[in-house]
Amino acid sequence: MADRLFAFVAGEASGDLLAAPVIGALRRRDRHARCAGIAGDRMIAQGCEAWWHVRELSVRGYAEVIGELPRLLRLRAQLRERVLREQASVFVGVDAPDFNLRLETRLREAGVPTVHYVSPSIWAWRRDRIEKIRRAADRVLLVFPFEQAIYDRAGIAATYVGHPLASEIPLAPDTRAARARLGVDGDPLIAALPGSRRAEVDHIAPVLFDALARLARRDPGARFVVPAAGVELRGRLEALLAAAPDAALYTTLVDGRSHDCIEAADGALVASGTATLEVALYKKPMVIVYRMPRVSWWIMRRMGYLPWVGLPNILANESLVPELLQDDANAQAIADALMRQLDDPARCEQLRERFAALHETLRRDTPALAADAILETAKR
C-alpha cells in the first residue's frame, strides 16, 4: 500500500508544540502515514517532512503582517498547489487562522478533507469567524472544554481533545529539581517570558527587564531566569539585557527550556499567549503583560469581546491574575503586581488550587484523540 499524505501547517512555535505529538500518534496508528507541510523542529523530530519551516509564518500583529503579506500569499498559493499535486488524504491546519482558514476553504472546495486544530478565539473576538470555520473545516479539534457547546450550537463538527500541555506538564511541579537542572536559585526566583517572536521581544522585553531591575533593588535576594526561544532571539535578548544592567547582573539567560524556567520559579512575568497557560499549569503566580505597535493595539481593542487576554483568566471566567496591557504595562506596576502575590502566601495557595483544578479539566490523551479524529476525517 502506498503512503498516504497527511498535510500539516503550523503557524508558530506553539503550533509546532501542539502538532508534534499528534503526528507521532498518527504515524503509530497508520504505518503508511506520511506527514509533510509547514513544520517546526518538534514536528520534524516526529517524522514530519518540512516543505517550509514554521519560521516562515512567524509574524505577529496587524501592522507587521502588512509588509510580509505578498510573501505569505505566495507561500500559501505554493502550498495549496503542492497539497493538491501530491493528493493529500487530509489537510490539518494547526492554529494560525489568518493563514489556515482561507487555505482550508480552497482545499476543501477542491475535495481535500480538512481539519482545523485549535479553534480561533471566536469567544473572545471576531465572532464572524464561525462562518469562515464552517466553510473551511470538516472538523475542528478543540483544546478547551467550553468550546464544545459553541460548535454544537453552530452545527459544526468538533471534538474536544484536551490541551496537550496538560499532559506534558506534571500535575505536581518540582521546583527544587528544576532549579538543580538549570543551576539557578534565588529568593525569590522570577521567570521572565517576553515572547517567542522578535516583534514581541522588542516591545515587551525592555519593560520586563526594567521591572526585574526594580525587583532586584527591592529585594537583594531576587534572581531572574529568562528562556530564549532560538539563537536569533538569544542575541536580541542579550542586547536588551545589556541595556538594563541592574537586571542583567542577576539574570540567567537560558537557551530554550522554558518549562524548566517556569517550574524553577516562584513567580513569572509573562507575555500574553500560550505561555500564560504553561505558567498556570505549573501553578505559579504571574503577571500577564502585553505591548504592541499602537495601530495593532487599536485594532485588537476594537475587536475584543472579553475583558481578559490571558488564558488563565479566560478559562476561569474571572480575574485570577493581573493583566497589564499596553500603556498600563509599565515597569513599576508590573513589579508591584507580582510582589503583591508573592508577599501573600494565602493568595499563592489559592492560585495553586485553582490552577490544579484547571489542569485536571484540560488533561486528556490529546495525541490519541486528535489522531483518531484526523484519521476518521480522512476516511470520509
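The model is predicted, so local features are reported only at pLDDT of at least 70 and side-chain atom pairs only at pLDDT 80 or more, while totals for chains, interfaces and linings use all residues. Residues are numbered from 1 along each chain as its sequence is written, and side-chain values use heavy atoms, with hydrogens and water left out.

Helices (H or I, at least four residues) and strands (E, at least two) are DSSP runs numbered from the N terminus. Helix axes are lines fitted to C-alpha atoms over the stretch in contact, and angles run from 0 to 180 degrees between N-to-C directions. Helix α9 (residues 198–218) packs against helix α10 (residues 231–242) at an angle of about 30°, with the two axes 10 Å apart. This makes α9 roughly parallel to α10, where angles under 35 degrees count as roughly parallel, over 145 as roughly antiparallel, 65 to 115 as roughly perpendicular and the rest as oblique. The crossing of α9 and α10 is right-handed; a crossing is called right-handed if the near helix is turned clockwise from the far one by less than a right angle, and left-handed if anticlockwise. A second pair is formed by helix α1 (residues 13–29) and helix α18 (residues 366–379), whose axes come within 8 Å and cross at roughly 60°. α1 and α18 are therefore oblique to each other, and the crossing of α1 and α18 is also right-handed.

The side chain of glutamate 200 reaches the backbone nitrogen of serine 196 at 3.1 Å. Such a polar contact is a pair of N or O atoms within 3.5 Å; within protein, one must be able to donate a hydrogen and the other to accept it, and residues adjacent in sequence count only if both atoms are side-chain atoms. Leucine 208, likewise in α9, is buried at 0% relative accessibility. The C-alpha atoms of leucine 208 and alanine 335 are 8.7 Å apart in space, against a sequence separation of 127 residues. Leucine 338, in helix α16 (residues 331–342), is buried with a relative accessible area of 0%.

Aromatic rings provide the next theme. Rings of Phe, Tyr and Trp (its six-membered ring) pair if their centres lie within 6.5 Å, and planes under 30 degrees apart count as stacked, over 60 as edge-to-face and the rest as tilted. By this rule there is one aromatic pair. The rings of phenylalanine 144 and phenylalanine 146 have centres 6.2 Å apart and planes at 5°, so the pair is stacked. Phenylalanine 144 is buried at 6% relative accessibility, whereas phenylalanine 146 is partly exposed at 33%. Elsewhere, the charged end of arginine 76 sits over the ring of phenylalanine 99, 5.8 Å from its centre. For this, NZ of Lys or CZ of Arg must be within 6 Å of the ring centre and within 35 degrees of the ring normal.

The loops hold some backbone features of interest. Most residues other than glycine have a negative phi, and most peptide bonds are trans. Glutamine 87, in the loop between α3 (62–85) and β4 (90–94), has a positive phi of about 55° although it is not a glycine, and is exposed at 67% relative accessible area. Valine 118, in the loop between β5 (114–117) and α5 (129–136), also has a positive phi, near 95°, but is buried at 10%. In the loop between α8 (175–182) and β8 (189–193), valine 184 is buried at 11% relative accessibility. The C-alpha atoms of valine 184 and threonine 252 are separated by 7.7 Å, although the two residues are 68 apart along the chain. Proline 188 is found in the loop between α8 and β8 too, and a cis peptide bond with omega of about 5° joins aspartate 187 to proline 188. Finally, alanine 243, in the loop between α10 and α11 (245–248), is exposed at 66%. Alanine 243 and glutamine 78 are 42 Å apart, C-alpha to C-alpha, and 165 residues apart in sequence.

Definitions and conventions:
Buried means under 20% relative accessible area, exposed over 50%, partly exposed in between (1.4 Å probe, protein chains only).
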